[in-house]
Amino acid sequence: MDVIGLGLLILVAIALGYTLASTFLTWRFFRSSPALEGEGDQRWPAVSILKPVRGTDEDSWENFVSFCRQDYPEYEIVFAVAEENDPVVPLLRRLQAAYPQRSIRLAVAGGNEGPNYKVGNLIGAMKAAGYETLVFNDSDMRVGPGYLKSVVSSFLPQGVG
């Protein structure tokens, strides 16, 4: 075997080793999280979901409802609007009536404290939040029932957060 052939063989061996190592490490990282396995609900901190909203679209109801159906022990949803007369407010009142078992609150920012309306709404939502663990997301998001556990599980290991 000449020098070029030996060099190519070494490069292929290195690439194969890298591929195998990264595949193993990826598998180990994404296997089921210990935070999601058992030990009861005491491990899950109470969470405030903060949602800045403005107006509605055709999917607003379904998006909002998906957050009411979370498989999570204790959480609240704080919707934040800039003004009480925003067109989304009646939809949020309807959501509160449809899900009385959920803590769904409306925070009216009452002005723009931030560099834009979205940030101003989030500032209003943060003031109204009842829990220390905060999850921010947009009004156009629709999630499955395991969303909140998936997000919060990233903060459960010691030293994270």
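The following questions and answers concern a predicted model of one protein chain.

Q: What pattern does the protein chain follow when read along the sequence?
A: The protein chain holds five helices and four strands. Read along the sequence, these elements give the pattern α-β-α-β-α-β-α-β-α.

Q: Among contacts between residues at least 6 apart in sequence, what percentage join residues at least 24 apart?
A: The protein chain has 161 residues, of which 32% are buried. For contacts between residues at least 6 apart in sequence, the share that joins residues at least 24 apart is 76%.

Q: Is Asn63 buried or exposed?
A: Asn63 lies in helix 2, which spans residues 60-68. Its relative accessibility is 4%. Buried means under 20%, so at 4% Asn63 counts as buried.

Q: With which side chain does the side chain of Asn63 make a polar contact?
A: Leaving out residues up to four places away in sequence, Asn63 touches Ser139, Asp140, Met141 and Arg142. A polar contact needs a pair of N or O atoms within 3.5 Å. At 2.9 Å, the side chain of Asn63 makes such a contact with the side chain of Arg142.

Q: Which elements give two or more residues to the largest nonpolar core?
A: This core has 25 residues, and Val47, Phe64, Ile77, Phe79, Leu95 and Leu148 touch the most other members. The elements that give two or more residues to this core are strand 1 (47-52), helix 2, strand 2 (75-81), helix 3 (89-98) and helix 5 (147-153).

Q: At what angle do helix 2 and helix 3 pack?
A: Helix 2 passes helix 3 in a right-handed crossing. Their axes are 11 Å apart, and the packing angle is about 40 degrees.

Q: How many nonpolar residues does the contact of helix 2 with helix 3 have?
A: Helix 2 contributes Ser60, Trp61, Phe64, Val65 and Cys68, while helix 3 contributes Leu91, Leu92, Arg94, Leu95 and Ala98. By class, one residue of this contact is polar and one is charged. The number of nonpolar residues is eight.

Note on methods. Residues numbered from 1 in each chain as written. Predicted model: local features only at pLDDT ≥ 70, side-chain atom pairs only at ≥ 80, totals over all residues. Heavy atoms only, no water. Buried < 20%, exposed > 50% of the residue type's maximum accessible area, 1.4 Å probe, protein only. Polar contact = N/O pair within 3.5 Å; in protein donor to acceptor, adjacent residues only side chain to side chain. Contact = heavy atoms within 4.5 Å. Core = buried A, V, L, I, M, F, W, Y, C linked by side-chain atoms within 4.5 Å. Axes fitted to C-alpha atoms, helices over the stretch in contact; angles between N-to-C directions. Left-handed = near helix turned anticlockwise from the far one by under 90°. Nonpolar A, V, L, I, M, F, W, Y, C, P; charged D, E, K, R; others polar.
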